[in-house]
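Me: I am new to this structure and should like to understand the terms used to describe it. Please set out each conclusion together with the rule behind it.

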Amino acid sequence: MLSQEHITGHAATAIDEGGMLTMLVPALTILAVVLCGLFAAMRVKNKAPAFVTVALLAASFVAVLMTYLNLGVEKTWIAHGFDWINFSWSGSENRKLTTHALIANFSFYLDGLTILWMLFVTGLGTLIALYASEYMSHDVGAGYCRFFAAFSLFVFSMACLVMADNFLLLYLGWEGVGLCSYLLIGYFYKKPSAVAAAKKAFIVNRIGDLFLALGIMLIYTHFGSLEYTTVFAQTETYIEALKEGNLEVIPATVQLIPLLLMGGAFGKSAQLPLYVWLPDAMEGPTPVSALIHAATMVTAGVFLVARTYPLFLLSEHALPAVAWIGALTAFFSATIGMAQFDIKRIMAYSTVSQLGYMFCGLGVLTSVGGAFHVFTHAFFKAMLFLACGAVMHGFAGQLDLRKLSGVGFMRGWKVTTVAMLVGCLNLAGFPIITSGYWSKDMILGEAFANPHTQAIGWILLLTAGLTAYYTFRVFFRVFVGPVQYEMGDEHHGAHEDAHGHGEATHAPAHATHATPHAPGWAINTVLAVLAISAFAIIPFTYSHGGWVHTMIEGSTARYEGAAAYLGHGEHAHGTFLGFEAHGALMVVSGIVGAIGIVIAWWLHYAGRTTAATSRADALLPKLGPIPRWAQHKWYVDEFYDFLIVRPLWVLSNIFHFIDQYIVDGIVDLFGAAPSLTGKAVRPSQSGELHSYAAWMAGGMAVLILIVILVAT
């Protein structure tokens, strides 16, 4: 358990032993932003912004790694940067003078959870920046500088979010990653669909951010502080009461806090009903999809729940809600992913689904399983997005799996194909040899181990089969089979076949003189490193979370006593069809995944002779309208448009009319009244004597008439 004494007693030692190294992360990333701005001002038209960003992000990764090696994760440390917000005031409560303070310094809270997250944020950030140096090379110049400036600013914001030692700094990073997401999704600002996607992401995230802001305000109102050390120390009393079953001593205000935080987490991590922004975010460049919308930003909601786990334990409804929403999101998005044809959107819906798995891990109180899946997913999902991006880049923006086939058999595409295969095996949870199998199995096993969450386990198990199917549907359609392709519309991605490579293709007439260009050294290097890493991390993770378990053990996400009271964790003894849950699921989940792969092979590879058709086409009519509904994403966007967007549009136009023609009209009327009066009386001041005499005569006539009328 964390306590105020435990932390402050070691803070000074932490700074002396290397905790201050973490201050280099925001410093280096802000330096990258400034340098990219200078490159833009100097009209640099080479890859200098990319290589500067790569170098500084690599230095940030080294700083985090050195912090881990110097400090370890057995204790929690505070690295104080500088005083940021620190003021106090006095007030009167019950006729007593009280003093209040608001302290939020630029300081970092370093525990295993922090280090784990920052290792893959900075590590993957470095690799993806290197990938982007080649991928974005068509836009060298001002756009290139703008991209890497926003890229670096994102890493700075993510560092503030993850390493913050108080909720206000966390909120600064939270809003920062939302801003950077908007900037990067809408990078192609002349493309209407990209602009619409950026606005959609920004607005939907604001809904979740409102809940987070309210939760933080309520934390300060109840606990009188925004610093983690103070808040978590005060939760100790409630945690002890929770262990003893005394839920009535936990105030309703405290139980409301995690529900508000949950709303913020669901917005940022794209869970029902706020998931709709993430698939559209694929309009941004692929490196953005890999970094922000697969590996880092979208896991911020998972991180928030893990960081504030002591608060979530204090509500009897919060963690069950997290688990159920996660499970339903995982299944729902998987059904949509099965029916899509855009390979990036398939990966986007896969991300939403896997985020649901992560929330389920936290919800069934295997915080190690949730964090474990975050860690493994970051590697293989980034690899999948980057492999899809390599295809998109090489085939002039083509992403339709019905227009690509046999890419793995083309010259120069072997590295991309192997990386895609490794990523697909991990996402499908192929047994034993993939890290994705071990992390997913921990969550499934824990769900079945608790009798109260076995329904969630069945949903996740079914989702695992669907995941294996749609993942290998992409691989079998795009990377193997007959060699055919149709180039996309982004012609900067293709070059004329002037060298007569003579690859066997069946391109359409308009593309016969264009041929895909294979990835260069930067893209291939990053894909190779990620593919190797996906296997290299297995020895550190496979046994009950392994190294990840060690990282989480002493963090805020690990509360064994409360888990014991709630009947979860290592103390749960549920079974799966009469067998020990964890052992049985290691076998069953592997079988379910294998069945999904075999079905994908039969429907999308065996006997296929063209890129556009497969055996699945004959199966679709037998399923009635369901495939069409799934292809249209169950019409959720249309439902939101009808229920929310259009009524708000009508309401806003009504308010606009009232504001412009009634409110402004009244104001304008009062403003115009003196002018109109002046215009009316202006002729009476003409300076002509006969005119004045006429007015006087008229006035006298009126007075005489009034006197006569009154007298009679």
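Me: What is the protein made of, and how do you know what counts as a helix or a strand?

Reply: This is a predicted model, in which local features need pLDDT of at least 70, side-chain atom pairs count only at pLDDT 80 or more, and totals for chains, interfaces and linings use all residues. Residues are numbered from 1 along each chain as its sequence is written, and side-chain values use heavy atoms, with hydrogens and water left out. The secondary structure comes to 29 helices and eight strands; these are DSSP runs numbered from the N terminus, helices being H or I of at least four residues and strands E of at least two. The C-alpha trace spans about 115 × 80 × 55 Å along its principal axes.

Me: Why is Trp-117 called buried?

Reply: Buried means under 20% relative accessible area, exposed means over 50%, and partly exposed lies in between (1.4 Å probe, protein chains only). Trp-117 has a relative accessible area of 0%, so it is buried. Phe-303 also counts as buried, at 0%. Of the 712 residues of the protein, 55% count as buried.

Me: What makes Trp-117 and Phe-303 an edge-to-face pair?

Reply: Rings of Phe, Tyr and Trp (its six-membered ring) pair if their centres lie within 6.5 Å; planes under 30 degrees apart count as stacked, over 60 as edge-to-face and the rest as tilted. Here the centres are 5.2 Å apart and the planes stand at 65°, which makes the pair edge-to-face. Trp-117 lies in helix α5 (residues 112-135) and Phe-303 in helix α13 (residues 300-307), so the pair ties together parts 186 residues apart in sequence. Ring pairs also link Trp-117 and Phe-303 with Tyr-68, Phe-120, Phe-375, Phe-379 and Trp-547 in a cluster.

Me: What makes a nonpolar core, and which residues have the most contacts inside the largest one?

Reply: A nonpolar core is a set of buried Ala, Val, Leu, Ile, Met, Phe, Trp, Tyr and Cys residues joined through side-chain atoms within 4.5 Å. The largest has 195 residues, and Trp-117 and Met-420 have the most contacts inside it. Its largest share, 18 residues, comes from helix α17 (residues 367-394). Apart from this core lies another, of 20 residues, including Ile-456 and Val-592.

Me: How do you know that Arg-402 sits over the ring of Phe-341?

Reply: The rule requires NZ of Lys or CZ of Arg within 6 Å of the ring centre and within 35 degrees of the ring normal. Arg-402 lies over the face of Phe-341, at 3.8 Å from the ring centre. Lys-440 likewise lies over the face of Tyr-357, at 5.4 Å.

Me: How do you know that the span of helix α6 agrees with expectation?

Reply: The expected span is 1.5 Å times one less than the number of residues. For the 22 residues of α6 (residues 142-163) this gives 32 Å, and the end C-alpha atoms are 32 Å apart, so the two agree. Of these residues, 19 are buried, so α6 is largely enclosed by the rest of the structure.

Me: Why is Glu-283 called buried, and which side chains does it meet in polar contacts?

Reply: Glu-283 has a relative accessible area of 18%, so it counts as buried. Its place is in the loop between α11 (277-280) and α12 (286-295). A polar contact is a pair of N or O atoms within 3.5 Å; within protein, one must be able to donate a hydrogen and the other to accept it, and residues adjacent in sequence count only if both atoms are side-chain atoms. The side chain of Glu-283 makes such contacts with the side chains of Lys-191 at 3.2 Å and Ser-193 at 3.1 Å.
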